[in-house]
Amino acid sequence: MKKSTIAAVVIVVWGIASVILGIKDPMLVLYTGFPGWIAATVIAYFLCWQEEKEEKEKSRAGKKGGAVK
Amino acid sequence: MIPKVIAIVYLIALLGVGFMYRKGVKTRLDYFVAGRKLTPLILGLSFATAVTGVWSYIGAPGSGYAYGVPEFASFAAWIPGVAIVAFIWAPRVRAKAAELQVTSFTGFIRDAHKGGYPLTVLISVITMAAYVLTFVAALKGLGVMFGPVLGVSYIPALLICGTIIIVYSLMGGLRAVVLTDIAGLAFMCIAFGTVVWLILSQGGIGAVATRINAFNPELLHPPTGAPYGATMAGIWLCFLVMYVFYQALPHYWHYYISLGETTKKGAAIFTLVAVVSVCMVPFFIFAGMAGHVLLPGVLEDADSVMPMLFQTYANPVVFGLFSIGVFTAIMTTFDGSLLATTACVDELFLPLYNRHNQTEIQKLRWGRIIMVVLWAVAVIWATTSPPALMVKLLVLGWVGLSAVIAGPTLCYFIKAGTKWGAFFAILISLIVLVVLSVGGLLGWIEQAFVALGVSIAVYYIASAIERKVNPAS
């Protein structure tokens, strides 16, 4: 699975988790649900950044290989 | 005195932003979509202010006051909605908009469906109808909230703020709108700080929650079925579906078609910025709930809970800072939607421009004239009707519009329909929504869901019929 796909899934999964927290006690959504979402999106950003970096390195390596040939 | 000075400096700075960008606007592409060169971070910051906007500072506390804790679920659903749109739909909308060379929501839906003038008229007219309400509500909000800060009455405050918004929007187009929104975000954060201060000054979240619980336990622990007729999970799921389609509103769509690049990292930045701003909103909802225990008596208008709390508990400086935050929130909603609506209405006149061989500069001039006309209609309406916060009306207009256009917007990327499929999806779902609203049948959420279902169903059914009748369509 691509890292960017995992990133999108992380955000949605935390959404489901925060709702489960909300069913138990709605105030938990305020304390943990929303701050957790910020953390989930930061992780998502990091995963996307990594994926983009890897893709750039791959394409650079590909270009170098082509030049040697 | 301090808030007044800050407000005046801020208003002058807004004009400066418009002046700064005026020379960069030479074509309709520059004016309406900033040359399609805006980065996800810049656009995300502006989008964040637009999605939270006036609803967060006035409407969300009002809903917290009226409905209690289930309002958290509605905002919890917003975030995955934004993520789904940022990762899946926005890059596709951007790519298609660049391919079609469109500068408006109307242009996108029409050209993507190879539609003609009837589709242009239908989309532009319903967009205009829904958004004129937004402009009136925004202007009224500016008059109500900003008058006390500037030390003037309702109508002068409304005219001063409205004039400044139209002047910088006319000069700098989308670039000015986006930059002023980002500047506004700073004040919105300060306003958030004043809300946190308010809760802390009353003993913190725990102490206030205990008092709310003693006053009415159902506000924090609602029985199943209240207030939307569903559990927290049910409400969340309903709002998730709603918010995914809600992101297709013309003024949000306008952001997607203005994007300059569409990388996954960009989508993550866009989501991150939107999420951070949306995560402030539950604190406003909580402060709204606290209105029951912090304010004497029962409020007739739930939307007035936040201003009432600040008038009662805050000193004039804190109240002034909160008011400037609300002003910027209203302004960010107003300028972006005014520009997006102008771009839609401008499409109505494109055939006329082309028939008279208008140059790009002349077309741009007409676009600016349309913006002034829309603004003037809203100003006349707002100044000739009584001062009020019309947040509910504004949101109902948006929810209705997003439901009606659901078929030809996001569903287009699942399986594209035809031009008459798009036309009848909007028309029939609009008729259904109007009949339900006028007849007072179902609640507003149920009405929106029925319209959403009708729009999607008619989009595919009418498209299938058209393809059978005319296989080339």
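1. A note on reading helix pairs. Axes are lines fitted to C-alpha atoms, for helices over the stretch in contact, and angles run from 0 to 180 degrees between N-to-C directions. Helices (H or I, at least four residues) and strands (E, at least two) are DSSP runs, numbered from the N terminus.

2. What is being read. This is a predicted model, in which local features need pLDDT of at least 70 and side-chain atom pairs count only at pLDDT 80 or more, while totals for chains, interfaces and linings use all residues. Residues are numbered from 1 along each chain as its sequence is written, and chains are lettered from A and ligands numbered from 1 in the order in which they are written.

3. α1(B) with α15(B). Helix α1 of chain B covers residues 2-21, and helix α15 of chain B covers residues 316-355. Their axes lie 8 Å apart, at an angle of about 20 degrees. That makes the two helices roughly parallel (angles under 35 degrees count as roughly parallel, over 145 as roughly antiparallel, 65 to 115 as roughly perpendicular and the rest as oblique). From α1(B), the contact uses B:I2, B:P3, B:I6, B:A7 and B:Y10. From α15(B), it uses B:V317, B:G320, B:L321, B:S323 and B:I324. Here, two residues are in contact if their C-beta atoms, placed from the backbone, lie within 7 Å. By class, this contact has 8 nonpolar, 2 polar and no charged residues. Ala, Val, Leu, Ile, Met, Phe, Trp, Tyr, Cys and Pro count as nonpolar, Asp, Glu, Lys and Arg as charged, and the others, Gly among them, as polar.

4. α7(B) with α16(B). Now take helix α7 (residues 154-201) and helix α16 (residues 360-384) of chain B. Their axes come within 11 Å and cross at roughly 170 degrees. α7(B) and α16(B) are therefore roughly antiparallel. α7(B) brings B:I155, B:L158, B:G162, B:I166, B:S169 and B:L170 to the contact. α16(B) answers with B:R368, B:M371, B:V372, B:W375, B:V379, B:A382 and B:T383. The classes are 9 nonpolar, 3 polar and 1 charged.

5. Chain B as a whole. Chain B has 19 helices and 0 strands. Its radius of gyration is 22 Å, close to the 23 Å that the globule rule gives for 473 residues, so chain B is as compact as a globular protein of that length. The radius is taken over C-alpha atoms, and the globule rule is 2.2 Å times the number of residues to the power 0.38. Along the principal axes, the C-alpha atoms fill a box of roughly 65 × 50 × 45 Å. Of the contacts in chain B with a separation of 6 or more, 84% join residues 24 or more positions apart.

6. Burial. In chain B, 58% of the 473 residues are buried. A residue is buried if 20 or more other C-beta atoms lie within 10 Å of its own, exposed if 12 or fewer, and partly exposed in between; C-beta atoms are placed from the backbone. B:L185, in helix α7 of chain B, is buried, with 21 other C-beta atoms within 10 Å. Not counting residues up to four places away in sequence, B:L185 touches B:L45, B:A48 and B:T49.

7. A loop residue. B:A302 sits in the loop between α13 and α14 (305-313) of chain B. B:A302 counts as buried, with 21 C-beta neighbours inside 10 Å. B:A302 and B:G59 are 243 residues apart in sequence, yet their C-alpha atoms are 8.4 Å apart in space. Leaving aside neighbours within four places in sequence, B:A302 is in contact with B:G62, B:Y65 and B:A66.

8. Two domains in chain B. Domain 1 spans 2-391 and domain 2 spans 406-473; such bounds come from an automatic or database domain assignment. The C-alpha centres of the two domains lie 26 Å apart. Their contact takes 19 residues from domain 1 and 17 residues from domain 2. On the domain 1 side, α6(B) gives the largest share, 5 residues. That side divides into 14 nonpolar, 3 polar and 2 charged residues.

9. Chain A against chain B. Chain A has 2 helices and 0 strands, and 35% of its 69 residues are buried. The contact between the chains takes 27 residues from chain B and 26 residues from chain A. On the chain B side, α4, α10, α12 (264-278) and α13 (281-294) each give two or more residues. α12(B) gives the most, with 8 residues. This side of chain B has 21 nonpolar, 4 polar and 2 charged residues.
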